[in-house]
Amino acid sequence: MANQPKEWRDAVKWGTLDLAGSYRSVFREALPNATMVADPFHLIKLANTRLDETRRRVQQNILGHRGRGGDPLYRIRRLLNMAKEKLTEGANEKLTHLLELGDPDNEVATTWRAKESLRELYTYRDPTLASDHLDALISDFTDKERPLEVQLLGRTLGEWHDEILAQVLCDQWTDRVDEQPRPSGSSASPLG
């Protein structure tokens, strides 16, 4: 980016980045006029990582070993990472049943619900509602009664609050651009 002309850098409106602090520093330095947007993919990936860490910790504490084929939490490891709405009725029943068997203190279930609540954030189109939802998530996730992995996720949400909310603003901006009339003969997609 440093090799680009200043006019080019000043014209950049949005910059999507993962959750690495070093990238945030580079963006601030190289693109001071750009709004930084935390990439939703990386945020949900982090939530799934925290969920898997919780599952492995609980499994180790209960069974004294890593997951094996017949262990309840190991059997649902892939289902836990799926989006709730993509679970079939049978998959949802399996998830519920095996959580009951393998998660006596509901730590994995709590972390799964935290991940799904975070995913819900990206359904909001109204910045005020999104901000309220994010603030509630941060407050809830950082509660000392939550599993450690959820608390860590809550702290990350707090550290990246503005960049996470910028996604809603970015979506509104791209919606407005998509609604603009296009010259005749042009495609609705910028990629043709």
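**Burial, cores and helix packing**

Analyst: In this predicted model, L134 counts as buried, because its relative accessibility is 0%.

User: In which helix does L134 lie?

Analyst: L134 has contacts, beyond its neighbours within four places in sequence, with L121, L157, H161, I164 and L165. L134 and G158 are 24 residues apart in sequence and 8.7 Å apart in space, C-alpha to C-alpha. The helix that holds L134 is α8.

User: How many helices and strands does the protein chain have?

Analyst: From the N terminus on, the elements run α-β-α-β-α-α-α-α-α-α-α-α. The secondary structure therefore comes to 10 helices and 2 strands.

User: What percentage of the contacts with a separation of 6 or more is accounted for by residues 24 or more positions apart?

Analyst: The protein chain has 192 residues, of which 37% count as buried. Among contacts with a separation of 6 or more, the share from residues 24 or more positions apart is 57%.

User: Which element gives the most residues to the largest nonpolar core?

Analyst: The largest nonpolar core has 27 residues, and L118, L134, F141, L157 and I164 have the most contacts inside it. At least two residues of this core come from each of α2, β2 (35-38), α3 (40-63), α7 (107-121), α8 (127-141), α9 (148-159) and α10 (161-179). The element that gives the most, with 5 residues, is α8.

User: Within what arc do the buried residues of α2 fall?

Analyst: The buried residues of helix α2 (residues 21-30) are R24, F27 and A30. An α-helix has 3.6 residues a turn, so residues three or four places apart point the same way. Seen down the axis of α2, its buried residues line one face of the helix, because they fall within an arc of 145°.

User: Are α3 and α9 roughly parallel or roughly antiparallel?

Analyst: The two helices pack with their axes 9 Å apart and at an angle of about 160°. Angles over 145 degrees count as roughly antiparallel. The angle therefore makes α3, relative to α9, roughly antiparallel.

User: Is E116 buried or exposed?

Analyst: E116 lies in helix α7. Leaving aside neighbours within four places in sequence, E116 is in contact with M82, A83, K84 and E85. Buried means under 20% relative accessible area. The relative accessibility of E116 is 11%, so E116 counts as buried.

User: What is the phi of N106 near?

Analyst: N106 lies in the loop between α6 (89-102) and α7, and it is partly exposed, with a relative accessible area of 42%. Most residues other than glycine have a negative phi. N106 is a residue other than glycine with a positive phi, near 60°.

How values were computed. Residues are numbered from 1 along each chain as its sequence is written. This is a predicted model: local features need pLDDT of at least 70, side-chain atom pairs count only at pLDDT 80 or more; totals for chains, interfaces and linings use all residues. Side-chain values use heavy atoms; hydrogens and water are left out. Buried means under 20% relative accessible area, exposed over 50%, partly exposed in between (1.4 Å probe, protein chains only). Helices (H or I, at least four residues) and strands (E, at least two) are DSSP runs, numbered from the N terminus. The arc is that of the directions from the helix axis to the C-beta atoms. A nonpolar core is a set of buried Ala, Val, Leu, Ile, Met, Phe, Trp, Tyr and Cys residues joined through side-chain atoms within 4.5 Å. Axes are lines fitted to C-alpha atoms, for helices over the stretch in contact, and angles run from 0 to 180 degrees between N-to-C directions. Angles under 35 degrees count as roughly parallel, over 145 as roughly antiparallel, 65 to 115 as roughly perpendicular and the rest as oblique. Contact means heavy atoms within 4.5 Å.
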